[in-house]
Amino acid sequence: MDRTDLLLSGALIAYVLAFLQLVVSFRWDEARLRRWPVLVSTGAGLGAHTVWLVRAALQFGHLPIISTQEVFALLAWAIAVYYLILRRTHPRADVLGLLVLPIVALFTLVALVSTGSKLLPEELADLLRMPALPLHIGFMMLAYAGFLLAFLAALMYLLQERELKRKRFGIIYRYFPSLSACETLGHRSLLFGFLMLTLGIGMGIILLHRSDPVFWRGDPIIVLGFVTWLFYLVVVHYRLAAGWRGRRAAMLLIVGFLATAATFVSARLFGHIL
């Protein structure tokens with residue numbers, strides 16, 4: 001294991017520690033534990049994770065987004081960043097860590113054990129050296145992170161609603177946020193994800209224009225990306241203009257995330273960077 005892998009291993013340990021601290025804090029109702037200790041552990045993991053990404057970029061001379069290891073590492077980093085942002089803006093976002101931190105730890109573990117070519121593909125050399133590419137990749141990764149947390153908040157909403165309808169007041173009722181808090185967390189994450197997706201697609205259009213003299217080739221992945229953006233545009237519009245809330249809004253967040261995940265997986269399968 002080289003020095004860079006030690007950084008990623010340290011990040012993984014810190015994320016797992018933050019998750020365990022969160023579990024203990026909820027199990028024994030220790031509110032103080034899920035404040036600074038969890039934040040310090042998550043922040044330490046994110047710091048080591050960031051250093052690993054910077055070292056990988058310097059070592060291979062391009063943004064770490066080619067191999068499976070690089071993709072999972074960057075995606076886990078983006079999710080951790082947005083989770084910390086959301087925690088700063090909403091007091092009940094801490095409970096999302098029970099679902100988010102295992103995902104971050106799993107993606108980091110996949111990155112740690114993955115192998116793959118880290119050499120710069122010749123056909124992508126010019127594209128990967130364009131200054132606009134880091135912005136495009138960064139915005140898209142943060143969009144995925146925002147939509148993932150919106151999806152998790154929607155799941156919590158539906159589970160909490162089911163418990164209330166059945167008048168069962170068990171673990172979900174005790175530890176999950178109120179319906180109103182789940183609604184707010186999902187709404188903020190939706191707006192954040194949509195803003196990042198819009199900026200990411202905008203930068204992608206600039207990249208496409210500079211890298212290919214033929215602007216439009218009818219690429220199905222690009223079409224799917226625009227369809228996903230239009231879907232979220234409609235959802236955002238009706239939530240803001242028509243006040244869509246509750247179960248219907250939660251279902252739309254779940255459908256939207258599944259469409260986004262399908263676009264991401266399809267892009268990788270067809271050889272797109274994102």
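Predicted model: local features only at pLDDT ≥ 70, side-chain atom pairs only at ≥ 80, totals over all residues.
**Basis.** Residues are numbered from 1 along each chain as its sequence is written, and side-chain values use heavy atoms, without hydrogens and water. Local features need pLDDT of at least 70 and side-chain atom pairs pLDDT 80 or more, while totals for chains, interfaces and linings use all residues.

I looked up the second largest pocket and noted a volume of about 300 Å³. Of its 16 lining residues, those closest to the centre are Leu-75, Phe-107, Ala-261, Phe-264 and Val-265. (A pocket is an open set of points on a 1 Å grid where a 1.4 Å probe fits, with protein on both sides within 12 Å along at least five of seven lines; lining residues have an atom within 4 Å of a point.)

I then asked which helices (DSSP runs of H or I, at least four residues) supply the lining. H3 (68-89), H4 (97-113), H6 (132-165) and H10 (246-269) each give at least two residues. The largest share, 6 residues, comes from H10. By class, I recorded 13 nonpolar, 2 polar and 1 charged residues in this lining.

**Helix pair.** I turned to H4 and H6, whose axes (lines fitted to C-alpha atoms over the stretch in contact) come within 10 Å and cross at roughly 140°. I noted the crossing as right-handed.

In the contact (heavy atoms within 4.5 Å), Leu-99, Val-100 and Ile-103 of H4 meet Leu-148, Leu-149, Leu-152 and Met-156 of H6. I recorded these contact residues as 7 nonpolar, no polar and no charged.

How values were computed. Points joined across faces, edges and corners; volume = space filled by probe spheres on them. Nonpolar A, V, L, I, M, F, W, Y, C, P; charged D, E, K, R; others polar. Axes fitted to C-alpha atoms, helices over the stretch in contact; angles between N-to-C directions. Left-handed = near helix turned anticlockwise from the far one by under 90°.
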